[in-house]
Amino acid sequence: MEALTNIDQACQSGAKLHRDDGRAVEWRIFEAPLDYERALAMMDERVAAIAAGAAGEAVWLLEHPPLYTAGTSARPEDLLDPRFPVFAAGRGGQYTYHGPGQRVAYVMLDLTRRGRDIRCLVQGLEQWVIDTLAAHNIRGERREGRVGVWVPRPEKGPGSEDKIAAIGVRVRKWVTFHGISLNIAPDLSHYDGIVPCGISDQGVTSFEDLGVLLSMAEVDSVLRGRFEAIFGPTVSTPV
């Protein structure tokens, strides 16, 4: 299966994804795990403020306690074992898992300043992950009809591949929220309670599972640099 064209072809060299005024995006890292419902409430508040012109764009990096989320396309039969709390996320997509060892990035961008191209945004988020993986010698790829980032696993058999990052976004008044989840070193057995993203014939993986042992801070540093290359400058904000 061939990977799709890269963001340079799909999004005109990423030009649509940079703000038209060059304003920096708030970059905030939460050190302690954040309750999911609290995170949703905080995102709702921030998205409303961005849409009203009362706050700037933001990317929040965090971890959640173990939980499952159901996107707007989730099928009840894909919840196999609700061993953790289950939340309706309001984002696109199906079931996914969040938990310790997984870096969640909530991305709140004003698309009125970035071309109003949702397809390009999603491809930009995928490319952000792919570039971060490449910096650690991991080959990540996108797939037609399957949002997210996949790692070929030929050692498991012909055509085998595992998902390393899920992507689910929602847009309200042209402001994005939700974002990406990237597996650094989560307990992969926690995925056994769901059919991740509705795909039953492929697996999930992580940096640790692939033999790449890194701290969350080390991955965060690369995530920031690769984000800036695609979306523009950031500025740190303390928690």
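**Entry 1: helices α3 and α4**

I looked up how helix α3 (residues 118-134) and helix α4 (residues 216-231) meet: their axes come within 9 Å and cross at roughly 140°. Axes here are lines fitted to C-alpha atoms over the stretch in contact, with angles from 0 to 180 degrees between N-to-C directions. That makes α3 oblique to α4 (under 35 degrees is roughly parallel, over 145 roughly antiparallel, 65 to 115 roughly perpendicular, the rest oblique). Helices are DSSP runs of H or I with at least four residues, strands are E runs of at least two, and both are numbered from the N terminus.

I note for myself that this is a predicted model, where local features need pLDDT of at least 70, side-chain atom pairs count only at pLDDT 80 or more, and totals for chains, interfaces and linings use all residues. Residues are numbered from 1 along each chain as its sequence is written, and side-chain values use heavy atoms, leaving out hydrogens and water.

**Entry 2: the cavity**

I then searched the whole structure and found one cavity of 30 Å³ or more. A cavity is a set of points on a 1 Å grid over the protein atoms alone where a 1.4 Å probe fits but cannot get out; lining residues have an atom within 4 Å of a point. The largest cavity has a volume of about 70 Å³, meaning the space filled by probe spheres set on points joined across faces, edges and corners.

Which residues lie nearest its centre? I found K163, A165, A166, N183 and Y191, out of 12 lining residues. Strand β9 (161-172) and strand β10 (175-183) each supply at least two, and β9 gives the largest share, four residues.

Key. On a 1 Å grid over the protein atoms alone, a cavity is a set of points where a 1.4 Å probe fits but cannot get out, and a pocket is an open set with protein on both sides within 12 Å along at least five of seven lines; lining residues have an atom within 4 Å of a point.
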